[in-house]
Amino acid sequence: LYVGVKDDTLGEFMDRRDKISGTPPVQGRLLHMDAAELKELLVRGIENQKQDLIKHEADEPRSTYKATLQALDKELSAVRRINDRKFEKEYLSFVKRRKR
């Protein structure tokens with residue numbers, strides 16, 4: 001899943017999952033990561049989106065840029081507040097259910 005950060009794609013989502021199988025192409029790899037790795041991957045992804053947005057700030061209407069940057073900041077803040085131990089416990093429970 002990609003979120004557009006410049007030009008006509010700003011704020012739009014692109015879903016590149018395999019429509020035939022209905023699962024993301026990296027699902028198997030993600031299920032083998034621990035919760036801390038997943039959290040770090042998400043933080044890096046959001047930070048990279050922010051960097052791309054900032055890099056292309058002049059290309060966007062100010063209101064759109066500001067709203068998108070605020071949304072990314074809010075999401076990043078929420079991810080950073082995730083309790084690693086609690087997340088790990090819930091994540092392991094999810095993985096076990098998926099393997100059944």
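Which residues does L69 touch, not counting residues up to four places away in sequence? The answer is K50, L53 and I54, where contact means heavy atoms within 4.5 Å. I shall return to L69 after a few words on the model as a whole.

This is a predicted model, in which local features need pLDDT of at least 70 and side-chain atom pairs count only at pLDDT 80 or more, while totals for chains, interfaces and linings use all residues. Residues are numbered from 1 along each chain as its sequence is written, and side-chain values use heavy atoms, with hydrogens and water left out.

Let me begin with the overall layout. The protein has four helices and two strands, and their order along the sequence is β-β-α-α-α-α. Both kinds of element are DSSP runs numbered from the N terminus: helices are H or I with at least four residues, and strands are E with at least two. Of the 100 residues in the protein, 22% are buried. Here buried means under 20% relative accessible area, exposed means over 50%, and partly exposed lies in between, with a 1.4 Å probe and protein chains only. The accessible surface amounts to about 7,800 Å², and carbon and sulfur atoms account for 53% of that surface. These areas come from the Shrake-Rupley method with a 1.4 Å probe; for residues, only the protein chains shown count as cover. Turning to contacts between residues at least 6 apart in sequence, 59% of them join residues at least 24 apart.

I now come back to L69. This residue is placed in helix α3, residues 62–80, and L69 counts as buried because its relative accessibility is 17%. Its C-alpha atom is separated by 9.8 Å from that of Q51, a residue 18 places away along the chain.

L69 also belongs to the largest nonpolar core, which has 10 residues in all: V5, L10, V43, I46, L53, Y65, L69, L72, L76 and V79. Helices α2 and α3 are the elements that give two or more residues to this core, and α3 supplies the largest share, five residues. By a nonpolar core I mean a set of buried Ala, Val, Leu, Ile, Met, Phe, Trp, Tyr and Cys residues joined through side-chain atoms within 4.5 Å. Consider V43 as one member of the core. Leaving aside neighbours within four places in sequence, V43 is in contact with L76, V79 and R80.

The next topic is charge pairing. How many salt bridges does the structure hold? There are three, a salt bridge being a side-chain nitrogen of Lys or Arg within 4 Å of a carboxyl oxygen of Asp or Glu.

I start with K50, one of the residues that L69 touches. K50 is found in helix α2, residues 35–55. Beyond the residues up to four places away in sequence, K50 touches L69, L72, D73 and L76. With D73, K50 forms a salt bridge whose closest N and O atoms are 2.4 Å apart. Because K50 lies in helix α2 and D73 in helix α3, this pair ties together parts that are 23 residues apart in sequence. Is K50 buried or exposed? At 19% relative accessibility, K50 counts as buried, whereas D73, at 33%, counts as partly exposed.

A further salt bridge joins the side chains of R80 and E47, at 2.3 Å from N to O. R80 sits in helix α3 and E47 in helix α2, so the pair connects parts that are 33 residues apart in sequence. R80 is partly exposed, at 48% relative accessibility, and E47 is partly exposed as well, at 27%.

The remaining salt bridge is formed by the side chains of D84 and K39, at 2.9 Å from N to O. This pair links distant parts of the chain, with D84 in helix α4 and K39 in helix α2, 45 residues apart. K39 is buried, with a relative accessible area of 16%, while D84 counts as partly exposed at 41% relative accessibility.

K39 also takes part in the surroundings of I82, which touches K39 and F87, not counting residues up to four places away in sequence. I82 lies in the loop between α3 and α4, the latter covering 84–99. The C-alpha atoms of I82 and K39 are separated by 8.3 Å, although the two residues are 43 apart along the chain. At 31% relative accessibility, I82 counts as partly exposed.
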